[in-house]
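Hi,

Here is the structure I promised to pass on. Have a look at it first, and then read on for what turned up.

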Amino acid sequence: MAELVIEATGLRKEFRSRKGTRVAVHDLDLAVPAGGVHGFLGPNGSGKTTTIRMLLGLARATRGEMRLFGQQVPAHLPAVIDRVGAVVESPKFSPNFTGRRNLLLLARTIGVPDAQVDRAVETVGLTGRDRDRYKSYSLGMKQRLAIAATLLKDPQLLILDEPTNGLDPAGIREIRETIRDLGERGVTVLLSSHILAEVQQVCTSATIIGNGRLLASGRVDDLIGSAGASAYVVEVPDPAPAGEALAAAGLVATPAPDGLRVETDDPALVTRTLGEAGIWLTALTPQRRDLESVFLELTAADTLGHGEGAR
Ligand SMILES: Nc1ncnc2c1ncn2[C@@H]1O[C@H](COP(=O)(O)OP(=O)(O)OP(=O)(O)O)[C@@H](O)[C@H]1O
Ligand SMILES: [Mg+2]
């Protein structure tokens, strides 16, 4: 079995208030293998930040066990924290200092050589802008500086909580490329997000949660492959008789903007059924499954199943 960099079992977090107890994380199991980018995915309020805060010792778990690099945390956090970089909340940088000066100050505080600053700046693609003042930076540049700050101590595990929040598509792409580079260099990245389309291109594996509960976990290829049957959209001159013919053959066909959507993984069955009914289709388009559709199906089913169950 591959080495696990992050491992949590039965992780639970309850928030108590006068109004009662809210269970933010429900007995969650998490397993993040070494190397590559692991997506930590769930809708708003599903418990991603809470889980990450517990892993980093920033919040106390109500119950459950957590390990980083095989060491029990929070008890042994001091033994592993030097191998971990994290961006959970926006770090505080001095607005009037340049990005570089901010990083140099930080490097000296944590006792790493100045040369690390150059490496970090280069890795996040801030070379050329690192001598500009922090306050002149765009949101995306600020976000990249935050990642650069975590890279100073050369972490083996990088935990990023929604690093693309508030960025425009170009900013998102830049952060994504930075993250992909890090993953390819052998850093294990835990990347949380509620927007699937943004992360599916960089993740090799993922954990999907909803209402604080585990919905699915594994390699992205397997998650996409295992989640239900695929579908085809057929274009025909007249959808009504085509729909009847498909239904008679036991196929589920529903109206789609371009014709009929047929739930099946067997396109030959569709063409044969229609051909035998004397209907010639003009196009047959496979509906490509992606992580986003899997995520939407899982989280929609979860909402139906639990509703306000997290409370
Ligand atoms: N300090 C707190 N006190 C009470 N409830 C909290 C606290 N922090 C988080 N929660 C609740 O725990 C649940 C999970 O919140 P969390 O911030 O972990 O979600 P998230 O997945 O990070 O969401 P988002 O995508 O919006 O960042 C929510 O219902 C939230 O209201
Ligand atoms: Mg969050």
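In which hand of crossing does H3 pass H4? The crossing is right-handed, where right-handed stands for the near helix being turned clockwise from the far one by less than a right angle, and left-handed for anticlockwise.

Before the rest, some housekeeping. This is a predicted model, with local features needing pLDDT of at least 70 and side-chain atom pairs counting only at pLDDT 80 or more, while totals for chains, interfaces and linings use all residues. Residues are numbered from 1 along each chain as its sequence is written, chains are lettered from A and ligands numbered from 1 in the order in which they are written, and side-chain values use heavy atoms, with hydrogens and water left out. Helices (H or I, at least four residues) and strands (E, at least two) are DSSP runs, numbered from the N terminus.

**Helix packing**

Back to H3 and helix H4 (residues 115–123): their axes come within 9 Å and cross at roughly 135°. Axes here are lines fitted to C-alpha atoms, for helices over the stretch in contact, and angles run from 0 to 180 degrees between N-to-C directions. That makes H3 and H4 oblique to each other (under 35 degrees counts as roughly parallel, over 145 as roughly antiparallel, 65 to 115 as roughly perpendicular, and the rest as oblique). On the H3 side the contact (heavy atoms within 4.5 Å) uses Arg100, Leu103, Leu104 and Ala107, and on the H4 side Val117, Asp118 and Val121. By class, that contact has five nonpolar, no polar and two charged residues; Ala, Val, Leu, Ile, Met, Phe, Trp, Tyr, Cys and Pro count as nonpolar, Asp, Glu, Lys and Arg as charged, and the others, Gly among them, as polar.

H3 also packs on H5. The H3 and H5 axes come within 10 Å, crossing at roughly 25°, so these two helices are roughly parallel to each other. H3 passes H5 in a right-handed crossing. Gly99, Leu103 and Leu106 of H3 meet Leu145, Ala148 and Ala149 of H5, a set with five nonpolar, one polar and no charged residues.

**Pocket and cavity**

The largest pocket holds about 590 Å³ of space. Of its 22 lining residues, Gly85, Ala86, Ala149, Thr150 and Lys153 are the closest to the centre. Strand E6 (84–87), helix H3 (99–110) and helix H5 (139–151) are the elements that give two or more residues to this lining, which by class has 14 nonpolar, three polar and five charged residues.

There is one cavity of 30 Å³ or more, and the largest cavity has about 50 Å³ of space. Among the residues lining the largest cavity are Thr164, Ile172, Arg176, Leu191 and Glu198. Helix H6 (169–184) and helix H7 (196–199) each supply at least two lining residues, with H6 giving the largest share, four residues.

For the terms: on a 1 Å grid over the protein atoms alone, a cavity is a set of points where a 1.4 Å probe fits but cannot get out, and a pocket is an open set with protein on both sides within 12 Å along at least five of seven lines; lining residues have an atom within 4 Å of a point. Grid points are joined across faces, edges and corners, and a volume is the space filled by probe spheres set on the points.

**Backbone**

The peptide bond from valine 73 to proline 74 is cis, with omega near 10°. Proline 74 sits in the loop between strand E5 (71–73) and helix H2 (77–80).

Cheers
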